[in-house]
Amino acid sequence: MADSGDVSYPNTGSLRDVVTKGPVVDNLKAEMSKTSSEFRDLNNARVTPSTTTSTGQPLTHYHSLLYSLLSWEQPRATAVSYATVITFIFAARYLPLIRWAFKFLYMSLGLTAGVELAGQVILKQGIASSFRPRRYYTIPKETHEAILEDLSQLLDFFVIEFQRILFAENVVHTVGAFIAAFSGYWLVRFVPLWGLAVISVTVAYLGPLVYISNREIIDEQIANLQQIVSSQTNQLKDLAGERTSHATGVVKQYVDEYSHKAQEIIGRRSASPEMTKAPTPSKPQPAVEPAIKTEPAVEPMMKADPAAEPLIKTEPVPEPTFKTEDFPEAPKMAPIAQSIESDDAVSAATEREPLVAV
């Protein structure tokens, strides 16, 4: 008979067994295995798609990768990538990552230099240099080419997608990009850049998930919207055609009316007697003789050149003739000197003479 004071406990095993075994640990291992499998599938999705652009250009393997990532085909891998991006944004905002990087750098370099100097002083042999590899690590040429190829594909992805959105290869994508750009224009005034980055990443990851979960309802609403837009477009097109035909008819009516009036005016002017009367030949009028007859012009002694003769002939002026009576007679006697008194008397007498002779 067992002692009533003894208490027995179940054998739970060691602490190592508790940590490494159990339903919770098994569940975590299963989830980790599924997640790693999805990441492998996501990496295998990096293939060039068979579809091309509207211009016939091939797409990049990043189109397939991002489509598989954002369409939640691998939900665990997509959720992990979304959480990683959001964590990095908040860490860059609230944690001094750059200072920590410089701190780690100077501490590791200082420790290495101290250990090396201490080894050379105490042991006469460097400690850090003893761990030096025989050959320094270099990046293989294949890795360089793979990195450059991935970078080129990534740049082509952004360039191609921007042009496809800009030139409206898919109107839905163009409208969505317009809404995103318009919202960012207004949000950037109030929201900081890190907050805008969080909103953009959240919309990029969760938007396709919402669409996939409610695809039937969203497709139905999109079809109704397209039908409404199409009907309104056809109505506007018919209205524009009707207005155009009406305006064309009015213009044609006015043109016909004015052309008819112009023809009537031209017909009236052509039927008037002034326009129909034939012009009568004018009779030649007899030459009128001048009332005063002029003597015929005397031809000069020397004929000038006929080409240099003026058009209007004038009578020649006869040369003046001079006679001896026209010149004064020269004095024959020499002048006699007179006194000053006689000159004064003569001048006084001349002053007293009247201006008009009697």
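**View 1. Packing of helix H2 against H4.** Helix H2 (residues 23-44) packs on H4 at an angle of about 90 degrees, the axes lying 7 Å apart; axes are lines fitted to C-alpha atoms, for helices over the stretch in contact, with angles from 0 to 180 degrees between N-to-C directions. H2 is therefore roughly perpendicular to H4, a term for angles of 65 to 115 degrees. Glu31, Lys34, Thr35, Glu38, Phe39 and Leu42 of H2 meet Pro75, Arg76, Ala77 and Val80 of H4, where contact means heavy atoms within 4.5 Å. By class, the residues of this contact are five nonpolar, one polar and four charged. The model is predicted: local features need pLDDT of at least 70 and side-chain atom pairs pLDDT 80 or more, whereas totals for chains, interfaces and linings use all residues. Residues are numbered from 1 along each chain as its sequence is written, and side-chain values use heavy atoms, leaving out hydrogens and water.

**View 2. Crossing of H3 and helix H6.** The axes of H3 and helix H6 (residues 141-166) come within 8 Å and cross at roughly 75 degrees, which makes H3 roughly perpendicular to H6. His61, Tyr62, His63 and Leu66 of H3 form the contact with H6 residues including Phe157, Ile160 and Arg164.

**View 3. Helix H8 and its bend.** Helix H8 (residues 193-213) bends by about 30 degrees at Leu206, and Pro208 follows within four residues; the bend is the angle between axes fitted to the seven residues ending there and the seven starting there. Gly195, Leu196, Val198, Val201 and Tyr205 are the buried residues of H8 (under 20% relative accessible area, 1.4 Å probe, protein chains only). These residues pack against helices H3 (61-70), H4 (75-94) and H7 (171-187).

Conventions
Helix = DSSP H or I, 4+ residues; strand = E, 2+ residues; numbered from the N terminus. Buried < 20%, exposed > 50% of the residue type's maximum accessible area, 1.4 Å probe, protein only. Parallel < 35°, antiparallel > 145°, perpendicular 65-115°, else oblique. Nonpolar A, V, L, I, M, F, W, Y, C, P; charged D, E, K, R; others polar.
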